[in-house]
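Open the model in your viewer and get ready to select residues by chain and number. The tour goes stop by stop.

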Amino acid sequence: MRCHGRCGVAVVRVSGPASSMVLRNMTGLTQTLPPPRTALLRRITDPHTKELLDRGLVLWFPGPHSFTGEDSAEFHVHGGPAVITAVLQGLGSLKGVRPAEAGEFTRRAFHAGKLGLTEVEGLGDLIHAETEAQRRQALRQMDGELGHLYQDWSSRLKRCLAHVEAFIDFSEDELIEDGVLNQVDSSVHRLQTEIERHLGDERRGERLRNGVQVVIAGATNAGKSSLLNTLCQRPAAIVSPIPGTTRDVVEASLDIGGFPVLLSDTAGLRDGLDSVEREGVRRARQRVEQADLTLVVVDSTQLPTEPKQAPTFLQGYLSIVLPQPSGGNPEEGREATSDRVLLVLNKSDLVPEAQKERTERELRESLGLPPACFLSCHTTTGLGDFLAVLQSRVKTLCGNPLSGAPSLTQARHRAHLQQSVQALSQYHQYRNHDLALAAEGVRLALTHIGRITGRVGAEEILDIVFRDFCIGK
Amino acid sequence: MLARKLPLILHNLPWSVSSRAGSDLARRHYDVIVVGGGHAGTEAAAAAARVGAETLLITQKIATIGALSCNPSLGGVGKGHLVRELDALDGLCGRAGDWAGVHFSILNRSKGPAVWGPRAQLDRERYRQFIQSELLSTPRLTVLEGSVEELLVSQSNPNEPGHHRVTGICLVNGSQPILSSSVVLTTGTFLSGSLFMGQTTTPGGRIGDAPSCSGLSHTLRETLGLRVGRLKTGTPPRIVKESVELSLVQIQTPDKEPTPFSFLNTHTHCKPEEQLPCYLTHTTPGVERVVRESLHLNCHIQQDSKGPRYCPSIESRVLRFPGRQHQVWLEPEGLTSDLLYPQGLTMTMPPDLQLRLLREIPALHRAEIRTPGYGVHYDFVCPTQLNPSLQVKSTQGLFLAGQINGTTGYEEAAAQGLWAGVNAARAALSLPLLALCRTQSYIGVLIDDLVGRGVTEPYRMFTSRAEFRTSLRPDNADIRLTPRGFEEVGCVSLRRYKEAVRVRDSLQEGLAALKSVTLSSTRWREKLGNISLSESRNGSLNGLDLLQYKDVSFEMLAAIFPEHLSPYLEFSQRLNIEAVYRPHCEKQSREIERVQEEESLSLPPDMDYLSLPTSLSSEVRELLDRVRPNTLGAATRIPGMTPAAIVHLLHYVLRTAQRNQHTGQRVKAACKP
């Protein structure tokens, strides 16, 4: 699969014998394929969760009458990175589908005799431009924490492979301790866990946002929309409101302190506690669950006049607005909450100054509550302080390598990491009765990581073997 | 110092099977001349003759043809793969090993069939006899004793400066040149070789043999302009067996049932019970002390040329990994030999210190040395100057094989020898030259690594070098190579071909039969006893599925379905392996296809990358110009190559190929699955 363009409409192209299967799985066309080379407007859904990803045009090109000469399919979707990423992830979760290597379609087309020489010349330049951009992007990422992480995995895998190879090629003649393999066992296991955790953490982030996803939640009359507008109207913020195409939420992308932020207002929580609109609540909660940061807006005039009761009130409010941590340690859940939530006590201009001050003190002293800011969207009193808190939060989140901006490159990384984890399970499967096949698992895993960090050749593995072991025969 | 030998035609050695004399004596033109009678030279000469070329093998001493200059063993992990492949292409060394082996074992028995390492300790005498008698009974092959003075090449063509063509060789004292269409040089360590022991240095390539003529080295460097590097290696002292305290060593016994190397042999010459043991002992701190105290007397160690990291001298072992015990294997040299070969004790210090060192090891405390260890420095030709056919790119008809290309080891030398011999013969017979793909064989991996990447230290085969190790197993070398060796290469006898085809077809049928026997998992459990089977989707499992379980064997299934499976009992081990490995091989097949597709597109050797009329960046141009990849596949493996550049190259190559369909001799890269 392969994606062209970064504009209004993105074209994701799939080529190869599995294309018809892919088309069926992504569009729910179980019975028939669309007529060849005819655009069809379809809902494009995740093949496993059946979640709607976008509505777009799909086209079916049975081979040999296609660009590559093979069966292929195209998905014309909205050009936002969020949608593209979601579609690529959906595709990547299908068996036998992987991101195309740069220039691979052209090569396939060429081998199938589908391209004239001039076309190849032109496409060569295009690929060049694309890979240049990707290369630069990859370099930027490789400089960061993510890069260090991948490099670290790669070098640990290299070492694992080298030690298994040393055991295979030399242990019969040399003093290679049996303990070597036990070490590899635990290293492989650790790597698997780490990569899996990384994939799990990253998933949410990658799926829907282009930047740190901040969600505004709270009751309708709390002033969520005012907060959105206030934040959007700040001259320093670069704002481009996008009406939601696939979900009934309002989104705006902002630049807060130099960090990309996708701000969305959940309409689903507009009702009270006993509302019948359960579906709306459920979706809003889901949204909150997926957010990096939730701004819980409270109407300050609703706060208890006795400041000592404010913490309890706010706990109750949060437990309604926020999804409950499922099982586990409540302490832990609360800690996680306070990292990911900011309380915005709006309409502060309508609260007496004395009550405001005493409440603030109470809240500072009470444990387990997220930071709270009094703010008036109306008079913009307190906006500066709130923005400072928000900015430091966003900064922390962006510093976290798992909250980086999603991109095609990242979707590719993700696919390689997934394949890497799968390959590592082959190691454990064969460890005790066929070390050659076990080693093949580690080698495959390294090859996949190598597609991100750079190819690892046999010589590098041998270098480690000779560095770590005294091989004398 | 140069021992001058008169050319002597071999015609009455005692074991000569069909000694050939008469008309060949006066022959002054051959299709192929092979220089050198080591592992590369003997395989090259035999292969060239099998392909159909009138071949002359020239060696300094006929008596040393087939001599094992270093360790008395063949095969091992990776190296055993090469022996099996050589045998599949009808080479000599597999059968010679079966004839001469006195201790057979399969290394890595517990680590999976893809990395099994068939190995044998050899009787030196028997090995030499076998090789010599094989060569003498090979039709179209003449053996001549002599020293080559000069390689004859044509004047360089004014239209193609730097390009030559081989015309033959001149012997020392030879009155007339001997002409040939192709020459295969397999001079081993003799190319500007010098021997080191302590502080003395003498010219030569092997102790007891005269040095090769310096003329050859001069021609390669000066006339042909080839880049030459220097490498070193060494050999341990040989110990008198009687002087070893065998009660102080561990005994390592061979396999009870020896497994032959050759696909043609069902058993080895040596009877199972007649096999000899090997012995294991260890170094002591005293050994390290002697090494350190003698460093100032050790020229070899002080030289900075590259030695192998995996076959290091005891000096470099204790210097790199101090304070450890190192293993020393004492290996028999033959059934009647009174010597032991101490594997792991290569050393180059003065002989008196060698003795002192040995005696620091308890079992060797009164050891006697028959011949001391020594080191060798020698020239090698940077192998990136060769095509995958092993022909020198700039010199038509000149082929190089063995240590001259920077490799180490008998098996590595033999593998190149066979392939160089095949192509030397094909060039002489005006047949297209051939390449072996790395997706298909270890020999292909070896040659591709050499000509594609070059060497920085003596190159030895390891299984980890083969990225398609799962498919390239010792058990299936015949199926991988024998049919092609007969149908396309022409180096395989009809008898062997027929056998390989029979085996291939039977395996196919056997696998089909396994697939055809299906039962529900419950029924299988009833029949097989207490075996844990995972439930399958539709409830039924076939024989192939069952063989995925490590406790199930083909024999067990054949007992349940005798009418279907017993015809294939002869192949039960191979069917067990095929069944387990097949899914993994299929997984690799896409990658293999891609590599093969790219390997089949050869890049012209004289391509002017710097002014190629296509949009390539100057970095890429320089990269290509420096490495000069032979194929598009080799180009993709160059670090720093961009996908865009590959597309441009692809385009260029196809366009050029269309234009030049009828002209030029191209290396035909045949990588058919």
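**Stop 1: a loop in chain A**

This is a predicted model. Begin in chain A, in the loop between α1 (19-27) and β3 (40-45), and select A:Arg37 there. Its phi is near 55 degrees, a positive value in a residue other than glycine. Is A:Arg37 buried, exposed or partly exposed? Its relative accessibility is 47%, so A:Arg37 counts as partly exposed. The cut-offs behind that call are under 20% for buried and over 50% for exposed.

**Stop 2: a cis peptide bond**

Stay in chain A and go to the loop between β4 (52-61) and β5 (72-78), where you will find A:Pro64. Now show the backbone from A:Gly63 to A:Pro64. The peptide bond joining A:Gly63 to A:Pro64 is cis, and its omega is near 0 degrees.

**Stop 3: an enclosed strand in chain B**

Switch to chain B and select strand β5, residues 101-107. How many of its seven residues are buried? The count is seven of the seven, so the strand is largely enclosed by the rest of the structure.

Opposite B:Phe104 stands B:Ala120, in β6(B).

**Stop 4: a sheet of four strands**

Strands of a sheet pair through backbone hydrogen bonds, either parallel or antiparallel. Which kind of pairing does the next sheet have? Follow the order β12-β11-β20-β13 in chain B: this is an open sheet of four strands, and the pairing is antiparallel. Two strands form the edges, β12 (200-203) and β13 (228-235) of chain B, and each of them pairs on one side only. On average, neighbouring strands of this sheet are turned by 25 degrees against each other, with direction ignored.

Zoom in on β13(B) and strand β20 of chain B, residues 374-381. Eight bridges link this antiparallel pair.

**Stop 5**

Follow chain B into the loop between β20 and β21 (395-396), and select B:Leu390. B:Leu390 is not a glycine, yet its phi is positive, at about 75 degrees. Is B:Leu390 buried or exposed? Its relative accessibility is 0%, so B:Leu390 counts as buried.

**Stop 5: two packed helices**

Two packed helices are described by the angle between their axes and the distance between the axes. Select helices α12 (residues 477-489) and α13 (residues 494-516) of chain B. Their packing angle is about 135 degrees, and their axes are 9 Å apart. That angle makes α12(B) oblique to α13(B). The crossing of α12(B) past α13(B) is left-handed.

Now show the side chains where the helices meet. On the α12(B) side, the contact includes B:Ile479, B:Thr482 and B:Phe486. On the α13(B) side, residues in the contact include B:Leu494, B:Tyr497 and B:Leu507. The residues of this contact divide into eight nonpolar, one polar and four charged.

**Last stop: one aspartate**

Finish with B:Asp478, which lies in helix α12 of chain B. At 5% relative accessibility, B:Asp478 counts as buried.

Note on methods
Residues numbered from 1 in each chain as written. Chains lettered and ligands numbered in written order. Predicted model: local features only at pLDDT ≥ 70, side-chain atom pairs only at ≥ 80, totals over all residues. Heavy atoms only, no water. Pairing = 2+ DSSP bridges. Axes fitted to C-alpha atoms, helices over the stretch in contact; angles between N-to-C directions. Buried < 20%, exposed > 50% of the residue type's maximum accessible area, 1.4 Å probe, protein only. Parallel < 35°, antiparallel > 145°, perpendicular 65-115°, else oblique. Left-handed = near helix turned anticlockwise from the far one by under 90°. Contact = heavy atoms within 4.5 Å. Nonpolar A, V, L, I, M, F, W, Y, C, P; charged D, E, K, R; others polar.
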